[in-house]
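Work through the following exercises with the sequence and the structure side by side, and try each task before you read its solution.

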Amino acid sequence: MQRTARAFWLRSPGVGEIRSVPLPDPAPGTVVVRTRYTAVSRGTEALVFRGGVPENQREAMRAPFQEGDLPGPVKYGYLNVGTVEHGPDDLLGRDVFTLYPHQTRFVVPAGAVVPLPDAVPAARAVLAGTVETAVNALWDARPLVGDRIAVVGAGMVGCCVARLLAGVPGVRVRLVDVEPERAAVAERLGVAFEHPEDAEGDCDLVFHASATEEGLARALALLGDEGEVIELSWYGDRAVRIPLGESFHSRRLAIRASQVGAVSPARRHRRSLADRLALALRLLADPAFDTLITGQSPFERLPEVMPRLADGRIPALCHRIAYVEDDD
């Protein structure tokens, strides 16, 4: 097998580069994976790239196969789809999802890869980590039949949450965003779209995923009495003001955090992390998720693409990175 691979490293905040890295010899119980696609998380990964992870959260925000330490140099990422080139017979030749950074080939324990269901194409499977975040959010929120629900923030996470909610019987789902072009995305996801100023209130639940304090304030305003906001945004090192005056207490409103690092307490005793990821991959048999893939670049261009994704010059939902056989 080849002895080296190439990987994307954050050299320092805002500056990335591709490095040649050694590949360890595969030991019993490991697999060698050739990457086909990775994707860039527009939330956490963009914060990491900008150097926006608070010092007291750097250990908590470690990716499963991260090398180096924040703020850098560090190899970071967790949306990887590839093909097993060496390993047990039941995995050999299979396309798999792995929580691995942007690298052309890698060696990991066999238990770290999850085979793709036959109905899920590799090009769509890069969304597995984001759909997994949405699954955890729904487990946290426990929506009921007939609920009135808004999702504030039509990014990757918000769109995945909205699509899963669309399958709950009788639920009224509104995807709320300041960008009018997201209306077409909402239509393809099978949910209604509203601008924040025009959004219908009296909601039982609001999922907030805009990562702005204005979005959080609007999420609270959309709640009905005793309603709850499920907070999916992560603000990194930014301080955020929350409007807890006026009617917040008299209406008995609530804000609850949801974070994908651990299985929701509602399912923690009956579902493992592996169970949750396998469920996310099964849900990706739905072709509606293809609408979230809004661009693609070759691996070689990642050092120039990442800054443009992080600062919004590429206004992507999910930007996919494609790898070719001769990358190594």
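This is a predicted model: local features need pLDDT of at least 70, side-chain atom pairs count only at pLDDT 80 or more; totals for chains, interfaces and linings use all residues.

**Exercise 1.** Determine how α3 and α7 are oriented towards each other, and state which residues make their contact.

*Solution.* Two packed helices are described by the angle between their axes and the distance between the axes. Here the axes of α3 and helix α7, which covers residues 273-283, come within 8 Å and cross at roughly 110 degrees. Since angles of 65 to 115 degrees count as roughly perpendicular, α3 and α7 are roughly perpendicular to each other. Their crossing is right-handed. On the side of α3, the contact is made by Ala-128, Val-131, Glu-132, Val-135, Asn-136 and Trp-139, while α7 contributes residues including Leu-273, Arg-276 and Leu-277. Sorted by class, this contact has ten nonpolar, one polar and two charged residues.

**Exercise 2.** Which residues touch the most other members of the largest nonpolar core?

*Solution.* This core has 77 residues, and those touching the most other members are Leu-127, Val-161, Leu-175, Phe-207 and Leu-292. Helix α3, residues 128-141, gives the most to this core, with eight residues. Apart from this core lies another, of 15 residues, among them Val-176 and Phe-248.

Conventions:
Residues are numbered from 1 along each chain as its sequence is written. Side-chain values use heavy atoms; hydrogens and water are left out. A nonpolar core is a set of buried Ala, Val, Leu, Ile, Met, Phe, Trp, Tyr and Cys residues joined through side-chain atoms within 4.5 Å. Buried means under 20% relative accessible area, exposed over 50%, partly exposed in between (1.4 Å probe, protein chains only). Helices (H or I, at least four residues) and strands (E, at least two) are DSSP runs, numbered from the N terminus. Axes are lines fitted to C-alpha atoms, for helices over the stretch in contact, and angles run from 0 to 180 degrees between N-to-C directions. Angles under 35 degrees count as roughly parallel, over 145 as roughly antiparallel, 65 to 115 as roughly perpendicular and the rest as oblique. A crossing is left-handed if the near helix is turned anticlockwise from the far one by less than a right angle, and right-handed if clockwise. Contact means heavy atoms within 4.5 Å. Ala, Val, Leu, Ile, Met, Phe, Trp, Tyr, Cys and Pro count as nonpolar, Asp, Glu, Lys and Arg as charged, and the others, Gly among them, as polar.
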